[in-house]
Amino acid sequence: MPKILVLPGDGIGVEVTNVSLDVLKTVGEKHKIQFDFETALFGGCSIDAYGVPITDEVLKKAKSSDAVLLGAVGGPKWDNLKYGIRPERGLLAIRKELDAFANLRPAIVYSALGDASSLKREIVEGVDIMVVRELTGGIYFGTPRGIEHLSNGEEKGVNTLVYTTSEIERIARMAFGIARKRRKRLTSIDKANILEVMELWRRTVTRIGKEEFPDVELDHLYVDNAAMQLIRRPKSFDVILADNMFGDILSDEAAQLTGSLGMLPSASIGHGGAIYEPVHGSAPDIAGKDIANPIASVLTSAMMLKYSLNLDQAAEEVENAVKTVLEKGYRTADIHQEGMKRVGCREMGRLIVEEVKKL
Ligand code: NAD
């Protein structure tokens, strides 16, 4: 029985995770798989209950689960807390605990949503990109970090961008491996013209490609150029490899190609386990209104079925159910267009469940 730790988190995290659980239960029943779901507090709600965004007990449970299904964390209520106990620190802690060093973010433009993008249909239709983002290193974790008071009355803020050879090697291998199973093209992102760390990044990625993946075509782009090319010629990208910060930014840009953050799933995979989470945050502006798009979370669950539980067919059924519901013209507010049928979060979930049953 697959053991899944469910951490809905805050805001719309709770709403969209509820939909995912319904979809997973339905597809499980079809395939005679019973999931062992355990739900726990995480993020702002954990701070309210225990004073920390994630307790040691929950971290331990995460480690002993087959997979962790996350909603989203954060919200204005916790915005002014110290960095050390903010909801987002819980995300960083669980990724670190599970050594989830690779974040996989697919950006696929569904034909039915070709007009939902802010770019022209002919630019985005057929886009199928996998962004592989390094997740446990770089400037988000580097030390020294902090804000100090200077004797002249000013303050000084410091963060450190740091990568070792082995950190770059393992994420490069992951990205090359994924590219090998797709269209065999990898674009590595850096800023090697300015930053020494990135010079090491480019040199290491090039060496791994040459020695271990000669069949994968590799090219390099400076991050500023990549940001432009991603909206100019998105179809030319297959797999994009980036460090923690550049990957964070570019994957959100890729999100916009698809029309909405509400459509984007992600997986964070490492040696200690795997975490599945939609790319979006807790969306406090729409939380509790039953208008959030649950599709990112549902597609996240499909990634979990595929990558952690090896249930490829069940994953495909969930993906196809989403596609069918979109083709039938149902849309949540974030992807709604004239002539389409506007539905809320729960109703979108119900429609997907119905399609899963039919497939
Ligand atoms: P956000 O992703 O929560 O929202 C950005 C915009 O996209 C908002 O207008 C929101 O309404 C919309 N949106 C996001 N997901 C949607 C969905 N499923 N359906 C429809 N619309 C959707 O980012 P933000 O506003 O910058 O951050 C809000 C809070 O979430 C902050 O506290 C932030 O720190 C946190 N956050 C958490 C995560 C995470 O848990 N992984 C990621 C990003 C931000």
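1. Thr 187 stands opposite Ile 240 in strand 10. Strand 8 (residues 185-190) and strand 10 run parallel and are joined by three bridges; two strands pair if DSSP finds at least two bridges between them. Helices (H or I, at least four residues) and strands (E, at least two) are DSSP runs, numbered from the N terminus. This is a predicted model, in which local features need pLDDT of at least 70 and side-chain atom pairs count only at pLDDT 80 or more, while totals for chains, interfaces and linings use all residues. Residues are numbered from 1 along each chain as its sequence is written, and side-chain values use heavy atoms, with hydrogens and water left out.

2. Strand 10 also pairs with strand 5 (residues 128-134): four bridges join the two, which run parallel. Here Val 131 stands opposite Ile 240. Both faces of strand 10 (residues 239-242) are covered, with Val 239 and Leu 241 buried on one side and Ile 240 and Ala 242 buried on the other. Buried means under 20% relative accessible area, exposed over 50%, and partly exposed in between (1.4 Å probe, protein chains only).

3. Arg 133 lies in strand 5 and is buried, with a relative accessible area of 3%. A polar contact of 2.8 Å joins its side chain to that of Asn 244. The term denotes a pair of N or O atoms within 3.5 Å; within protein, one must be able to donate a hydrogen and the other to accept it, and residues adjacent in sequence count only if both atoms are side-chain atoms. Leaving aside neighbours within four places in sequence, the contacts of Arg 133 include Arg 95, Phe 101, Asn 103, Arg 105, Tyr 140 and Asp 248, contact meaning heavy atoms within 4.5 Å.

4. The protein chain is divided into domain 1 (1-105 + 261-359) and domain 2 (128-256), with bounds that come from an automatic or database domain assignment. The contact takes 18 residues from domain 1 and 18 residues from domain 2. Taken over C-alpha atoms, the domain centres are 25 Å apart.

5. About 1,600 Å² is buried between domain 1 and domain 2, and carbon and sulfur atoms give 62% of that area. Buried area is the accessible area (1.4 Å probe) that two parts lose on being put together, summed over both. Phe 101, Asn 103 and Arg 105 supply 42% of the area that domain 1 buries against domain 2, more than any other three residues.

6. Between the two domains the count is two salt bridges, each being a side-chain nitrogen of Lys or Arg within 4 Å of a carboxyl oxygen of Asp or Glu. Six residue pairs are in polar contact across the interface (both at pLDDT 80 or more). Helix 4 (87-97), strand 4 (102-108) and strand 11 (267-269) are the elements that give two or more residues to the side of domain 1 that touches domain 2.

7. Asn 103 is placed in strand 4 and counts as buried at 1% relative accessibility. Its side chain makes a polar contact of 2.7 Å with that of Arg 105. Apart from neighbours within four places in sequence, Asn 103 is in contact with residues including Val 131, Val 132, Leu 135 and Ser 268.

8. Glu 169, in helix 6 (residues 165-181), counts as buried at 17% relative accessibility. Not counting residues up to four places away in sequence, Glu 169 touches Thr 204, Arg 207 and Ile 208. The side chains of Glu 169 and Arg 207 are joined by a polar contact of 2.8 Å.
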